[in-house]
Amino acid sequence: MIHARGLSRTFDTKHGREKKQVQAVQGVDLDVEAGEIVGFLGPNGAGKTTTLRMLTTLLKPTAGTATVAGFDVATQPVDVRRSIGYVSQSGSTSPEALAGEEIVDHGMLYGVGKQQAERRGRELFEQLDLDGLWTRQPRTLSGGQRRRLDIAMGLVHDPGLVFLDEPTTGLDPQARANLWTHISALRSERGSTVFLTTHYLDEADALCDRILVIDHGEIVASDTPESLKRQVAGDLIELIVLSADQVAPAAARLSALAGADAEVADRTVSVRVPRAGTELPGLLRSLDADGIALESIEVRRPTLDDVFLELTGRSLREHA
Amino acid sequence: MTFLRETSIVFNRQLRMNLRNPAWVIIGLMQPVLYLALFGPLLESFAPMLGTDNAYMVFVPGLLIQLGIFGALFAGFSLISEWRSGVIEAERVTPASRTALLLGRVLRDSVQLAVQGIVLIALGFAFGLRGSIGGMLIGLLITIALGTACASASNALALTTKSEDVMAPLINSVALPVLLLSGILIPMSVGPQWLQTISDFVPTKHIVEAVRAVFAGDFANGVVYWGIGWTAVLVALGLWAGTRTFRKENA
Ligand SMILES: Nc1ncnc2c1ncn2[C@@H]1O[C@H](COP(=O)(O)OP(=O)(O)OP(=O)(O)O)[C@@H](O)[C@H]1O
Ligand SMILES: [Mg+2]
């Protein structure tokens with residue numbers, strides 16, 4: 001559905017007389033297949049929006065190629081536009097218009113008939129909890145309501161491929177959960193493909209089949225949430241020994257298990273291993289055999305936060 | 001066919017928003033109406049000097065063109081706020097023709113100008129204007145055409161600068177000398193030779209003269225053809241600048 005090779009974008013910025021180039025996106029390769037829900041993760045300024053704007057034909061790449069829904073973004077932009085829906089990060093409605101009219105007009109610009117656009121629009125209003133706001137001016141809506149209006153606008157023409165740029169910013173937990181359900185339904189009921197950016201790891205975790213992590217304009221990881229968590233961080237085993245003189249032998253055991261140095265803090269010894277569940281029984285037996293008594297033992301599955309920190313956190317940026 | 005449909009979608013949307021908030025239409029009309037009411041009477045006593053027995057036959061055509069230039073040149077400002085709220089980007093991501101996105105907006109300005117022009121002529125009539133009916137109609141059409149050109153150029157400028165602070169001084173520095181040299185309030189023909197010579201290079205001067213001539217029913221006058229010719233050139237230039245800007249990526 002989306003295939004990009006070496007996609008790059010450089011911005012020229014002027015600061016008084018000094019000219020500078022910002023390399024917003026540098027050589028991004030990505031593939032999204034039909035029916036996938038793919039999350040695009042990265043810190044502020046990583047190049048997510050810029051990538052999306054290139055894939056949606058709003059911005060010309062300075063290098064590289066991309067085909068979206070089978071059409072080349074550079075040579076067949078109109079065909080690309082016809083095939084996609086886009087919800088921008090920064091809003092898309094005029095403060096003075098009427099909410100419902102914005103939806104209908106937008107649908108009509110895609111060639112949808114007026115009645116059909118209105119019918120689908122009202123349906124989306126209902127599904128996104130915007131009931132009764134059809135004739136309200138967007139400037140009188142709350143931030144979260146306006147955000148949902150933007151989303152309804154991007155979906156009014158039932159696109160087979162949807163780009164959502166941070167769709168859930170500003171939504172309360174309930175509206176967020178509701179939107180997740182809606183996005184999942186887009187795939188299960190309409191067979192749509194969804195490409196969304198987000199800062200929320202729980203969101204990517206709950207929603208996406210696959211995650212792409214971008215930092216400094218380059219893709220630094222691409223995998224399922226599960227295997228990302230397994231690869232990059234591993235499970236954390238953290239144990240507290242009863243007496244201080246047992247810290248050293250316990251650390252030796254854990255280090256041997258993980259093949260890396262265990263971390264020690266006071267009586268706490270911790271280590272990361274790929275699959276703690278399968279290691280734990282053996283570990284407990286061997287600790288027992290060594291006569292090491294435990295106060296407690298805890299296993300924590302890695303969160304995507306751990307992944308995110310490790311991939312885009314300070315340590316990575318220092319190496320880069 | 002799709003192009004016309006897309007143009008009318010954009011046009012209808014713009015018109016609806018204007019009708020919901022007609023303040024700008026009224027404010028745009030205030031200036032020429034004030035001129036008509038407060039400056040027109042002063043001009044009456046100078047009518048013989050201007051070579052006419054009815055000052056409004058000279059004055060109303062000038063005000064019409066002023067409305068067409070000034071009103072339309074500021075049309076781009078609403079585009080900047082639309083751009084800021086993300087509307088332009090939302091429209092550009094649809095398959096709609098970029099030219100339709102421009103034309104729908106420019107047509108709204110043309111319609112607005114037509115209404116303002118009719119109100120102005122009707123008010124002028126109340127003050128004593130007695131033009132030829134056909135002539136006034138042609139004059140109005142010329143005004144609308146000129147306004148369309150200016151609105152298109154203004155939208156192009158708005159999309160290029162994306163800043164009211166850059167655009168306002170730019171428009172003022174162009175529009176003011178153009179207005180002064182077009183003989184809007186008083187025909188250039190009463191001025192000194194050097195001023196007339198300079199004004200010969202200002203297209204809108206010829207357009208004002210053409211509108212004055214048709215108001216007087218003097219259709220065969222050569223100035224009419226010059227004026228219409230210049231209007232056509234400006235329309236072509238304005239629409240060219242507008243479509244070029246709207247078609248550019250990244251705008
Ligand atoms: N029009 C522009 N001119 C100059 N620099 C730009 C422009 N647009 C984006 N940039 C720069 O490109 C980089 C990537 O920006 P982008 O908007 O793609 O980030 P992002 O990943 O979407 O961030 P966020 O999470 O904050 O939305 C940033 O450093 C930004 O400052
Ligand atoms: Mg962004």
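## Where the two chains meet

In this predicted model, seven residue pairs are in polar contact between chain B and chain A, both residues of each pair being at pLDDT 80 or more. On the side of chain B that touches chain A, two elements give two or more residues: helix H1 (2-20) and helix H5 (87-92) of chain B. H1(B) gives the most to that side, with eight residues.

Salt bridges also cross the interface of chain B and chain A, and the rule finds five of them.

## The extent of the interface

In total, 31 residues of chain A are in contact with 22 residues of chain B. About 2,300 Å² is buried between the two chains, and carbon and sulfur atoms give 55% of that area. Three residues, B:Glu89, B:Val93 and B:Pro95, supply 28% of the area that chain B buries against chain A, more than any other three residues.

## The magnesium ion

Now for ligand 2, a magnesium ion: A:Thr49 (OG1) and A:Gln89 (OE1) coordinate this ion at 1.9 to 2.1 Å. The pair links distant parts of the chain, as the two residues are 40 residues apart. A:Thr49 sits in helix H1 (residues 48-55) of chain A, while A:Gln89 lies in the loop between strand S6 (84-87) and helix H3 (99-109) of chain A.

A:Thr49 is partly exposed, at 23% relative accessible area. A:Gln89 is partly exposed too, with 37% relative accessibility.

## The domains of chain A

Chain A is assigned domain 1 (2-229) and domain 2 (235-301). Taken over C-alpha atoms, the centres of these domains are 45 Å apart.

Conventions:
Residues are numbered from 1 along each chain as its sequence is written. Chains are lettered from A and ligands numbered from 1 in the order in which they are written. This is a predicted model: local features need pLDDT of at least 70, side-chain atom pairs count only at pLDDT 80 or more; totals for chains, interfaces and linings use all residues. Side-chain values use heavy atoms; hydrogens and water are left out. Donors are N, O and S atoms within 2.8 Å of the metal (3.2 Å for Na, K and Ca); water is not among the atoms, so sites may look incomplete. Helices (H or I, at least four residues) and strands (E, at least two) are DSSP runs, numbered from the N terminus. Buried means under 20% relative accessible area, exposed over 50%, partly exposed in between (1.4 Å probe, protein chains only). Domain bounds come from an automatic or database domain assignment. Contact means heavy atoms within 4.5 Å. Buried area is the accessible area (1.4 Å probe) that two parts lose on being put together, summed over both. A salt bridge is a side-chain nitrogen of Lys or Arg within 4 Å of a carboxyl oxygen of Asp or Glu. A polar contact is a pair of N or O atoms within 3.5 Å; within protein, one must be able to donate a hydrogen and the other to accept it, and residues adjacent in sequence count only if both atoms are side-chain atoms.
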